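Here is a short briefing on one protein model. Please look at the sequence and structure first.

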Amino acid sequence: MSFAAAASGPGRHGVQHEPAMKILLAELMVSGVNSQGRVVWTKLKQPLRRVWLQGYVLCRDGDDVVDLDDGSAVMSLDVGSFVAENPEVAASVLQAGRYISCICTLEVHQQGILDLRTESVCAVDGQGDALAEPFWWLEVAESHKLRASGSS
């Protein structure tokens, strides 16, 4: 399965997932509760279960956590399950200094702690990816524009 397909198609074990919204990490610091009592993120006040992120790996703490910096904020990603299922990809891609793209599920614990669990990861820092970082900001803006207008 391609990385783009993972963003909105069947996930692990054929389970259908809702699309992952392209987002900046700083937007995950803006939260609230909608009329149904569900936690919502971003200025669009939409409930999110999955997000698509890009950024630089700052450090990796064993096989459990990776710190990601997307230029707007730094957050830790739970990569434990991904590393267990994809050790060869994790060994080559989840390294400090690599620019990566990843899909994560959002879980909020009762204490209000946000957990970003990595579903898929790919490197976007190869020779043909020179514009991946600057274009990411444009992709996020376009994604928000489409969501705000009701198209996705």
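The points below cover strand pairing, one arginine and the cysteines.

This is a predicted model. Strand β4 spans residues 50-61. It pairs with β1 in the parallel sense, and runs antiparallel to β7. β4 also pairs with β5 in the antiparallel sense.

**Partners of β4**
- Strand β1 covers residues 21-22 and is joined to β4 over 2 bridges. Here lysine 22 stands opposite tryptophan 52.
- Strand β7 covers residues 99-108 and is linked to β4 by 7 bridges. Tyrosine 56 faces tyrosine 99 of β7 as its opposite residue.

**The β4-β5 hairpin**
- The hairpin has 3 residues between its strands.
- Glycine 62 takes a positive phi near 60° there.

**Arginine 50**
- Arginine 50 lies in β4.
- Its relative accessibility is 3%, so arginine 50 counts as buried.
- A polar atom of the arginine 50 side chain is 2.6 Å from the backbone oxygen of glutamate 18.

**Cysteines**
- How many disulfides does a search of the whole structure find? The search finds 0.
- For cysteine 104, the closest cysteine sulfur is the one in cysteine 102.
- Cysteine 102 is buried, at 0% relative accessible area. Cysteine 104 also counts as buried, at 0% relative accessibility.

How values were computed
Residues are numbered from 1 along each chain as its sequence is written. This is a predicted model: local features need pLDDT of at least 70, side-chain atom pairs count only at pLDDT 80 or more; totals for chains, interfaces and linings use all residues. Side-chain values use heavy atoms; hydrogens and water are left out. Helices (H or I, at least four residues) and strands (E, at least two) are DSSP runs, numbered from the N terminus. Buried means under 20% relative accessible area, exposed over 50%, partly exposed in between (1.4 Å probe, protein chains only). A polar contact is a pair of N or O atoms within 3.5 Å; within protein, one must be able to donate a hydrogen and the other to accept it, and residues adjacent in sequence count only if both atoms are side-chain atoms. A disulfide is a pair of cysteine sulfur atoms within 2.5 Å. Two strands pair if DSSP finds at least two bridges between them.
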